Amino acid sequence: MPALFFPRRYPPLLRVAAFVLLSIVIAALSEKHPNMLNWSGNLTYPIHWLDLQATENWRKVSEYLQDRRSLLAENAQMREKLKTLEPKLLENEILHNENRQLLALLDSFPQPPGKMAVAQVIAENFSPGSQLITVNLGSRNGVQVGQPVLAAGGVAGQVIHVADLSAQIALISDLDSSIPAQLAGTNLPLLVNGKGNIHWLSVPFQPRNTPLKAGDQLVTSGLGGRFPSGLHIGTISRVIHNGDEPFAQISVQPSVPLGQLTTVLILLNNNTTSRPSKP
Amino acid sequence: MNAVALVIAFFLAMALETLPSGPVYGMIHPDFVALLLLYWSIRSGSELSYTVVWLIGLLQDMVMGNVPGGQAVADVLMIYALVNGLVRVRHLSVWEQLVFIFMLLFAHRLIVWSWQLWSGPVSWHFSLLLSPLMGALLWPLFTYLLDYLRHHLLASP
């Protein structure tokens with residue numbers, strides 16, 4: 001195997017040290033210029049494409065292997081679910097119309113939802129700290145860095161890198177993620193941070209006498225203009241008032257099943273271009 | 001070794017790393033690329049170039065979306081440690097080899113984990129142990145499978 005950069009006449013330890021140094025330089029540069037490696041998505045697309053094919057084929061095989069009885073049971077279950085959802089949908093429609101009428105009276109129409117794109121998850125990286133997924137839409141489809149990503153239930157994450165045919169999304173549980181939020185039905189400003197664990201998020205900097213309690217719903221506040229307001233983030237599952245700590249420890253259960261995402265919605269009419277900011 | 005077969009093997013190993021199969025798979029699956037590098041290094045002796053190892057690691061960083069350089073450094077240091085202990089490894093029993101492979105994979109995992117500190121605080125998680133453990137447990141099967149493929153399908157010496 002030919003030595004490409006460092007000929008073998010140099011001692012192995014020196015070559016290893018040179019590669020460590022080179023890696024540190026690359027890491028430092030990428031931290032300073034987050035968009036530096038956007039092009040790498042094009043290079044790695046064939047590998048992600050292979051992931052997509054494997055997942056698709058596995059799904060087809062699973063569906064094929066399901067017997068008739070389980071399919072009938074699933075069908076019956078879906079019909080039951082539809083029965084309960086139909087009245088709720090109707091109620092939702094009535095409330096929506098009523099809401100529009102009230103907003104018209106106040107002369108403050110909500111912003112239109114804008115253009116959205118449905119993307120398929122083609123790769124995941126769920127190592128401790130990193131909670132990243134890759135989807136099959138990229139800059140050719142109008143995806144840009146900073147665009148919010150939704151899934152059934154609420155907010156899923158935010159686009160952090162874009163290649164021509166794919167985009168990488170940091171989930172709201174990623175350690176770098178931080179979303180301006182508020183308690184549903186109030187204007188209490190909050191932040192919801194990722195903790196590197198898909199099952200829970202946290203609300204930092206809340207005093208020990210915080211009004212927040214288990215069961216409270218958190219939604220996006222719209223502050224900063226990155227996420228539209230009113231989108232579900234999660235439900236507070238636990239509030240711990242530790243006597244030694246200056247702040248309460250608040251755990252939030254995400255409203256989106258972050259570990260089971262297969263398709264997501266990307267809000268395309270968001271023109272921001274920076275990485276999600278830390279609190 | 002057959003270069004095309006190696007490229008395909010690394011391609012598949014990287015695809016397995018990012019297979020969308022949920023968080024449990026994400027936590028426990030072994031680092032297939034690191035296992036392949038160890039196998040390649042043990043079987044090819046001193047043929048392995050640190051440049052190639054570093055480039056493979058860098059490509060894996062890009063595939064996984066990690067801070068670039070973490071996998072690359074971990075791969076280079078792991079292979080350096082292996083090459084230095086290679087003569088001894090060949091004389092170890094299978095169980096002793098498993099312990100050695102576990103230690104290499106765990107050190108590899110720790111380096112990758114530490115590298116993530118570039119982007120912010122990363123909390124310790126017990127699953128950091130699971131992946132190297134799975135890798136070490138799968139090592140005999142992994143080597144048997146690759147030896148079989150090399151000798152029966154590629155017919156290489």
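Guide: What follows takes the interface, then a helix pair, then a set of strands. Please keep in mind throughout that this is a predicted model.

Visitor: How many residues of chain A and of chain B are in contact?

Guide: The size of an interface is often given as the accessible area lost when the parts come together. Here we count residues instead, and 47 residues of chain A are in contact with 42 residues of chain B. On the chain A side, helix 1 (12-32), helix 2 (40-65) and strand 1 (116-125) each supply at least two residues, and helix 1 of chain A gives the most, with 11 residues. By class, that side of chain A has 26 nonpolar, 15 polar and 6 charged residues.

Visitor: At what angle do the axes of helix 1 and helix 3 of chain B cross?

Guide: The axes of helix 1 (residues 3-17) and helix 3 (residues 32-44) of chain B come within 8 Å and cross at roughly 150°, which means that helix 1 of chain B is roughly antiparallel to helix 3 of chain B. Among the residues that meet are B:Phe10 and B:Met14 from helix 1 of chain B, and B:Leu36 and B:Trp40 from helix 3 of chain B. The residues of this contact divide into 10 nonpolar, no polar and 1 charged.

Visitor: Which way do the residues of strand 2 of chain A point?

Guide: In strand 2 (residues 132-135) of chain A, A:Leu132 and A:Thr134 point one way and A:Ile133 and A:Val135 the other way, and all are buried. Strand 2 of chain A runs antiparallel to strand 1 of chain A, joined by 4 bridges, with A:Asn125 opposite A:Leu132. Strand 2 of chain A also runs antiparallel to strand 5 (residues 167-171) of chain A, again joined by 4 bridges, where A:Ala167 is the bridge partner of A:Val135.

Key. Residues numbered from 1 in each chain as written. Chains lettered and ligands numbered in written order. Predicted model: local features only at pLDDT ≥ 70, side-chain atom pairs only at ≥ 80, totals over all residues. Contact = placed C-beta atoms within 7 Å. Nonpolar A, V, L, I, M, F, W, Y, C, P; charged D, E, K, R; others polar. Axes fitted to C-alpha atoms, helices over the stretch in contact; angles between N-to-C directions. Parallel < 35°, antiparallel > 145°, perpendicular 65-115°, else oblique. Buried ≥ 20, exposed ≤ 12 C-beta atoms within 10 Å, placed from the backbone. Pairing = 2+ DSSP bridges.
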